[in-house]
Amino acid sequence: MKIAVSEDMRQIDRLAAEEYGLPELLLMESAGHRVAQAMEHLLGSVSGKTICVLAGSGNNGGDAFAAARYLSNMGAKIKIFLTCEPAHLKTASSRMKKASDKMGLEVHGLEEDRDWNRLHLALKFADGILDGILGMGFNGELKKKVLRLIEEVNEAGAKVLSIDIPSGVEADSGKVSTVAVMADMTLTLGLPKVGHLLSPGAEMTGQLIVDDIGIPKNLLQSEKIQQSLLDEKLAQTLLPLRGKAVHKGDCGRILVVAGSLGMTGAAALAATSALRAGAGLVTLAVPASVQPILAGQLLEVMVQPVEESSPGMFSGEVALNRLLELAQSHDAVLIGPGMGRAMETQELIRMFTARVNKPLIMDADAIFAFNSTPDDLSKLPQVPVLTPHLGEMAGLLGVSVPELRESLLPIVREAANEYQCILVVKSECTLVAYPDGMAFFTSVGNPGMATAGSGDVLAGTIAGLMKQTESGLAPLAGVYLHGRAGDIAYGEKGEALLASDIRENLAQALKELRQKQMAGR
């Protein structure tokens, strides 16, 4: 499924009218019908129940007026409040208001104190609230009237259904400048929006329902829309089924360069996760002095010692040459987990990545090594996969985390293009961005995955898939399997889950995906 930004939806609406003869009024009528059905779903039944309808001046207000008519026909008691003067309604919304007027549905303004008292009383006794105040085009600061109205809604305690996106949430970023409606359910029209998936908008959305409202399918699936949802349906297309004659070499020989004194856990998690993701053979290269620690606990991983020039860390020309030698006999390389940030190690990372010509995944300390010279990423002999969390991404770009969150999608998309890399940016909704502008938002994952080592498991999972599918698709497959494994673990452990729980459930997540692939053949 595609994900829209506001400009995508404007183009879809324009083409629906110009090429298919579907005018704005017709789509608004369809939206009103679907919204009324969603309200009935939210409340169980609307017959005999009081529903407070809040309408703004834009198309969301028109959708709200249309829904009010349907809800009235379904037996609901309707109270409509308009946030603007009737003369300020857009043309289609004005026609919807006139239709509701003809039905005798009373519309109240919000100008005088008595209007606000009437609203307060209506909200207090309402069974449901329909939020049609602001729509997809909102950004910036709220007007005082709207701010007060949203605060009234959030304090009312009734079930809230938002049309398209909760009022106060910016559709392209999920940003909330002051306050936003806290919806129990959001019926989004045409396609989900970026703001439904990124916080704080994700927290305001509630249950998200997507309805095409009759928009032609090929408009909603246009290649010009460069955002997609990474869901189970897409994930099933990413991993080819294994043949009976497959052997371990076919499944991938993966080199993991990781670990240092005091940070052996990251190396262990990354290497074993690559195996759990189905890699045929995993070699873990570690500083020589920590090799005995890991070799004794990792029975299925080949743990190779790398000569040290400084105790417990990667450094020096001998170590560099050994790593390059190891890389030659492997299909892909993961570098970074737990390597540390000593100057000698960082220099080795930069020299190694500049000379290794294998599919490359860079995590944690390997990303940090390029903070002062991010442009060097575009000079690497391969298109690397970088797996930063928001803090690491902000550090790479030289901005703060709040600045990054402000425009996450466009910033990450531009960075992927400029640095010629695939960026897997870990957050509440992991974002995968490609140099050509394509971006994917994951549909899986949960708050319990905010635990130490979760990122090491993700990096290892992606590495483990590098030979099992096209290397460019491995980040998508890895993000999905990692998130699904986390969801399985969350069902068992809740917020007390460990990174190793995610790793151990990779097998179940992969098994589920394979079973659904087979069922769909």
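1. The side chains of D331 and K467 meet in a salt bridge, with 4.0 Å from N to O; a salt bridge is a side-chain nitrogen of Lys or Arg within 4 Å of a carboxyl oxygen of Asp or Glu. The pair links distant parts of the chain, 136 residues apart: D331 lies in the loop between α13 and β12 (332-335), and K467 in the loop between α19 (454-464) and α20. Helices (H or I, at least four residues) and strands (E, at least two) are DSSP runs, numbered from the N terminus. D331 is partly exposed, with a relative accessible area of 26%, and K467 is partly exposed at 37%. Here buried means under 20% relative accessible area, exposed over 50%, and partly exposed in between (1.4 Å probe, protein chains only).

2. The model is predicted: local features need pLDDT of at least 70, side-chain atom pairs count only at pLDDT 80 or more, and totals for chains, interfaces and linings use all residues. Residues are numbered from 1 along each chain as its sequence is written, and side-chain values use heavy atoms, leaving out hydrogens and water.

3. The whole structure holds 21 salt bridges. In one of them, K193 and D164 meet through their side chains at 2.8 Å, N to O. K193 lies in the loop between β6 (185-189) and α7 (194-197) and D164 in the loop between β5 and β6, so the pair ties together parts that are 29 residues apart in sequence. Both K193 and D164 are buried.

4. Helix α6 (residues 144-156) has 13 residues. Its buried residues are V146, L149, I150, E152 and V153. They cover an arc of only 155° around the axis, which puts them on the same side of α6; the arc is that of the directions from the helix axis to the C-beta atoms. On the other side of α6, K144 and E155 are exposed.

5. The largest nonpolar core has 58 residues, and V256, V282, L284, L294, V432 and L481 have the most contacts inside it. Such a core is a set of buried Ala, Val, Leu, Ile, Met, Phe, Trp, Tyr and Cys residues joined through side-chain atoms within 4.5 Å. Helix α20 (residues 474-493) supplies the largest share of this core, nine residues.

6. S315 lies in the loop between β11 (302-306) and α13 (317-328). At 2% relative accessibility, S315 counts as buried. Its side chain makes a polar contact with the side chain of S309 at 2.6 Å. A polar contact is a pair of N or O atoms within 3.5 Å; within protein, one must be able to donate a hydrogen and the other to accept it, and residues adjacent in sequence count only if both atoms are side-chain atoms.

How values were computed. The expected span of a helix is 1.5 Å times one less than its number of residues.
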